[in-house]
Amino acid sequence: MSTWNVEYLKPTLLQPVPSDIAISRAQPPKDIEKVAGEVGIHPDELDLYGRKKAKVSLDILERLNDVKNGKYVVVAGITPTPLGEGKSTTTIGLVQALGAHLHKNVFACVRQPSQGPTFGIKGGAAGGGYSQVIPMEEFNLHLTGDIHAITAANNLLAAAIDARMFHESTQPTDALFNRLAPKNKQGVRPLSEIQLRRLDRLGIPRVADAEHLSEEQRVSFARLNIDPPTITWNRVMDTNDRFLRKIEIGLGPNEKGHTRTTQFDITVASELMAILALTTSLADMQQRIARIVIGSDKAGNPVTADDIGVTDALTVLMRDTVRPNLMQTLEGTPVFVHAGPFANIAHGQSSILADKVALKLVGQDGFVITEAGFGADIGMEKFFNIKCRYSGLQPSAVVLVATVRALKMHGGGPAVVAGAPLKHEYLDENIPLVEGGCDSNLRKQIENANKFGIPVIVCVNKFATDTDKELELVCSKAKSYGAFDAVVSEHWSQGGAGAVALAKSLVHATEGPAKDFKFLYNLEMSLEDKIATIAKEIYGADGIELSDEAKEKLERYTRQGFSKLPICMAKTHLSLSSDPTKKGAPTGFTLPIRDVRASVGAGFIYPLVGEMTTMPGLNTRPCFYDITIDPVTEIIDGLF
């Protein structure tokens, strides 16, 4: 694969650094057709959504099947403060440095942000400063409609579940069967393919005419007998709304008293989003949707989306979502924005498909840089043990983002609170606090990354208040604890130019033969042993403590045949332990497992360590107060 001929953009760097949206608007992006052509995407492989974004065909994978993959790099971080430490910004700054400054073929692969936080407390999420995806408003709003498609598909399944329970409870079996398998004009009861698959699962031979089913077979076929308390499938919407966290449905008179308590989640918490991120083709997505377990029947058997009968309908609604969305960085390098699953109850990464397409486009000597949500103990561990396991892709290196601010917090500094001014310890030089953070959290997260057998480069994301002594200490400590290298980076204020040293270090780290990548655990281990392995090896716990409910769920999932799935821990991202107030690298603790749930379609079991909120709420003054549009020019302001 030859080096691309890319027209790189050269934004004007200003000091002080303006707002993100001001920077985005000051740099006109290239038309997306030009970006696509520069990186080898053919016109017939591109579906335009306006002039600045497009969907890319998966046919590229077949066309470039014989091209060797490029280098595959994941950006992770130390345990963050509530303010975040700049993983997304580092991801974009690094690809700008590799592309616009070192002239390597390089792609960034990032998650699509939810509109909930965009209009809530967080604002936009396209990187930041002079390292961001543009146009920012396109990135942060509807993009190409993937999240809306997931919302529609998720809610169709939710509606189908309640409708099926209603019809089963209000009709005798013969009437129910007659409606599920009506006679045609020839007097035959033909079954659809999805209904025939239900016969397969029940062990009933397929028939051309359902009239030939026995009375017992008709009962088994027609009645799912869903046990309402076991239903785990919730409705979703892509808006922060705390009043939907617990609701009662079925209150209308036509529902004849068939009420139940349920809830809404935010769309990115839907298992369908995790499925999109982990799927390897449209056919694979269809199979994963079929395997979704929505609850159990009254005999304790799993009830799937295929049993409900909606697999193919959901796949139709999500057909276009499998194609990655193409955008660009501030300096004109290509970006895939695709999928955005939660990083706690799901794995928190962009899609396997985007990574696979990008790795073929960049070629053997190119780079694909992707990001893992939250700290390395959560996002990076899931990237390796879940995403790489399903994709079959071998990572080349880890870039571990650290900040002096976060290290001071881990070294014993005062609490960092979102929205509150930083204490003086974070604004003034304080070597003992930095050293304490390096000797605890930075050390542990480097050790965690090294367990997987690939090189770790620490990127110290420089803030204006950091001193040379503090930065030199972090780099020295990082290398002493096993990092391949440690580099100070100023990509937020300088764009790609500020990450050239980091990019050069990454090129050096990935030279030569592929490293000996290895998983943390074997899938043949019991679910409990896999959970304990993560707790002890990655978090530093002495062991785990299972609640009675968690024990019962592990037994149920093992009995139902799900014990060979990988583990996706749902834990606070603010500490290596289960207690968000415990910073550094806590020891001498036992990790409590409150509950365990299954995302069988996505392909993992997720233990709950503490309470997990899957529907954010709006704060007193949400970001929407600052978002505005000029009705004449249609220019949007205030996104970030």
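Pro16 sits in the segment before helix H1 (20-26), where helices (H or I, at least four residues) and strands (E, at least two) are DSSP runs numbered from the N terminus. The peptide bond between Gln15 and Pro16 is cis, with omega about -5°. This is a predicted model, in which local features need pLDDT of at least 70 and side-chain atom pairs count only at pLDDT 80 or more, while totals for chains, interfaces and linings use all residues. Residues are numbered from 1 along each chain as its sequence is written, and side-chain values use heavy atoms, with hydrogens and water left out.

A cis bond also joins Ile134 to Pro135, with omega near -10°. Pro135 belongs to the loop between strand S6 (131-134) and helix H6 (136-140). Most peptide bonds are trans, and most residues other than glycine have a negative phi. Asn225 has a phi near 50°, a positive value in a residue that is not glycine; its place is the loop between helix H10 (215-222) and strand S7 (235-237). Ala339, also not a glycine, has a positive phi of about 70° and lies in the loop between strand S14 (334-337) and helix H15 (352-362). Asn225 is partly exposed at 36% relative accessible area, whereas Ala339 is buried at 2%. Buried means under 20% relative accessible area, exposed over 50%, and partly exposed in between (1.4 Å probe, protein chains only).

Strand S17 (residues 456-461) is largely enclosed by the rest of the structure, because six of its six residues are buried. Val456, Val458 and Val460 cover one side, and Ile457, Cys459 and Asn461 the other. S17 pairs in the parallel sense with strand S16 (residues 397-402) over five bridges; two strands pair if DSSP finds at least two bridges between them. Within that pairing, Ala402 has Val460 as its bridge partner. S17 also runs parallel to strand S18 (residues 485-489), joined by five bridges, and Ile457 stands opposite Asp485. Together with helix H20 (residues 468-480), S17 and S18 make a right-handed β-α-β unit: with the strands pointing away from the viewer, the path from the first strand over the helix to the second runs clockwise.

Val458 is also among the residues with the most contacts inside the largest nonpolar core, which has 140 residues. Another core, of 37 residues including Leu94 and Met136, lies apart from it. Such a core is a set of buried Ala, Val, Leu, Ile, Met, Phe, Trp, Tyr and Cys residues joined through side-chain atoms within 4.5 Å.

The whole structure holds 42 salt bridges, each a side-chain nitrogen of Lys or Arg within 4 Å of a carboxyl oxygen of Asp or Glu. Arg25 and Glu137 form one, with the closest N and O atoms 3.9 Å apart. That pair links helix H1 to helix H6, 112 residues apart. Lys571 and Asp377 meet at 3.2 Å, N to O. Here Lys571 is in the loop between helix H24 (548-559) and strand S20 (590-593), and Asp377 is in helix H16 (residues 376-391), 194 residues apart. Both Lys571 and Asp377 are buried. In contrast, Lys451 is partly exposed at 27%, and Glu537 is partly exposed at 36%. The closest N and O atoms of the Lys451 and Glu537 salt bridge are 3.0 Å apart. A network of salt bridges links Arg197, Arg198, Arg201, Asp306, Asp307 and Asp312.
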